[in-house]
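This report describes selected features of one protein model.

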Amino acid sequence: MYRVNVVAVAAVVTLGFFAGFAIPASAQSVTAFEGARLIIGDGRVIENATLVVEGARIVQVGQTADVRVPVGATRVDLAGKTVMPMMIDTHVHLSPTRDALIRDLRVRACYGVSAALSLGTDNYELLNVRDQMIPGAARFLSAGRGITMPEPGRTTVPYWITTEAEGRKAVEELAAHKVDMVKIWVDTRDGKYQKLTPELYGAIIDEAHKRGLRVTAHIFDLEDAKGLIRAGIDAFAHGVRDRDIDDELLAMFKQRPDLILTPNLPDRGVKVDLSWLRAGLPADDFAKLEAANTDRPAAQASYEIQARNLAKLNAAGVRITLGTDGNRPWGPHEEMLDMVLAGMTPMQVIVAATRNSAEFLRIADAGTLQAGNSADFIVLDANPLDDITNTRRISAVTLRGAAVDRVQPVR
């Protein structure tokens, strides 16, 4: 991704942006959220609906006339609001220390993200954060240390390998740490480095599958995408970026209905309205974003290639998830707009960001608003099916049945 990252955004979240519609919730309470439009996350919508939450779980969902609210339940009137599942980001790179990582996860929750998969740049000492349900923080999943050819000058956290044996050894260590995914990079970085060969990534994929792990690939070139599919890759952490895809690749995807695409679209290269971010960022950080907010023809051409490719794969029925790369907690809102502008419908994008992403990450109790699932949802002031940028008009966030404090600074 080539968007601007503002690391300091996670340090302080100011009052103005996060002041909103407060939802009462407590660990053991029963609360009925009544009268809203519910976007379920699987393509369905229920108008004038009621959602009943007990503790951290959803216990009833349906049209208001059909839901029996328990006596004594707290009742919250959401008439005129839209409720959707919290988003799940399947490609991020979070901070390298525990305190900063938790801060990142808390800020993500404020923007409506309930879980995030960090792909390949995490030292193993961070992985125990996955076992902690931190109040007001998104769930953390991790690929631990990714695998690539040597890339001097870049991060040294990933395994740098040059032989099949080294690749298999790296997977063995990843499996021992019970990572959620194996991440590989197959990219010359504009000709600067050697990239993993078919023999190397073939050995990595084979070893991962033997150990019950899936593999996702950072790619750039069309031919590498084809080679990886032949080798049994499970997911792509980016779409093809060097050219328009061809019929052969489309056919290969159709033969693999379980194959996942996380398009991770780049910056569109056009000046956009960033005012929705102003109140939530320190002034200096917002100024940095605005300084980079210009029209850039080269970036526009890159986006257009990837947008056309996404449109073709979406039309072919490829399974698509949401990913943003980098460490921008608001990134899912930008990415969802870019996916719509590439040709997906708002509903398709919401399903990608919720149900599809939850299923990809094997989070069984998230991604849809249905009985038994974790009570993770966003209350919006306007309907994102009319305009996907309405996901930014957040009135409140409930995570695991508790209201996310979007007023206090996040430390």
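In this predicted model, strand β7, which covers residues 113-118, pairs with β8 in the parallel sense, and four bridges join the two. Within this region, Ala115 lies opposite Arg139 of β8. Both strands belong to an open sheet of three strands, arranged in the order β6-β7-β8 with parallel pairing. Because β6 and β8 stand at the edges and each has a single partner strand, one side of each is left without a neighbour in the sheet. On average, neighbouring strands of this sheet are turned by 15° against each other, direction ignored.

| Strand | Residues |
|---|---|
| β6 | 87-92 |
| β7 | 113-118 |
| β8 | 139-142 |

A further topic is helix α10, which spans residues 331-341. Nine of its 11 residues are buried, so the helix is largely enclosed by the rest of the structure. Among these buried residues are Gly331, Pro332, His333 and Glu334, together with Leu337 and Met339. Gly343 follows α10 and has a positive phi, near 125°.

Which side chain of opposite charge is nearest to Arg406? It is Asp381, at 8.2 Å. A salt bridge requires a side-chain nitrogen within 4 Å of a carboxyl oxygen, and Arg406, although buried, has no salt bridge. The side chain of Arg406 does, however, reach the backbone oxygen of Cys110 at 2.9 Å.

Technical notes. Residues numbered from 1 in each chain as written. Predicted model: local features only at pLDDT ≥ 70, side-chain atom pairs only at ≥ 80, totals over all residues. Heavy atoms only, no water. Buried < 20%, exposed > 50% of the residue type's maximum accessible area, 1.4 Å probe, protein only. Pairing = 2+ DSSP bridges. Axes fitted to C-alpha atoms, helices over the stretch in contact; angles between N-to-C directions. Lys, Arg positive; Asp, Glu negative; His and termini not counted. Polar contact = N/O pair within 3.5 Å; in protein donor to acceptor, adjacent residues only side chain to side chain.
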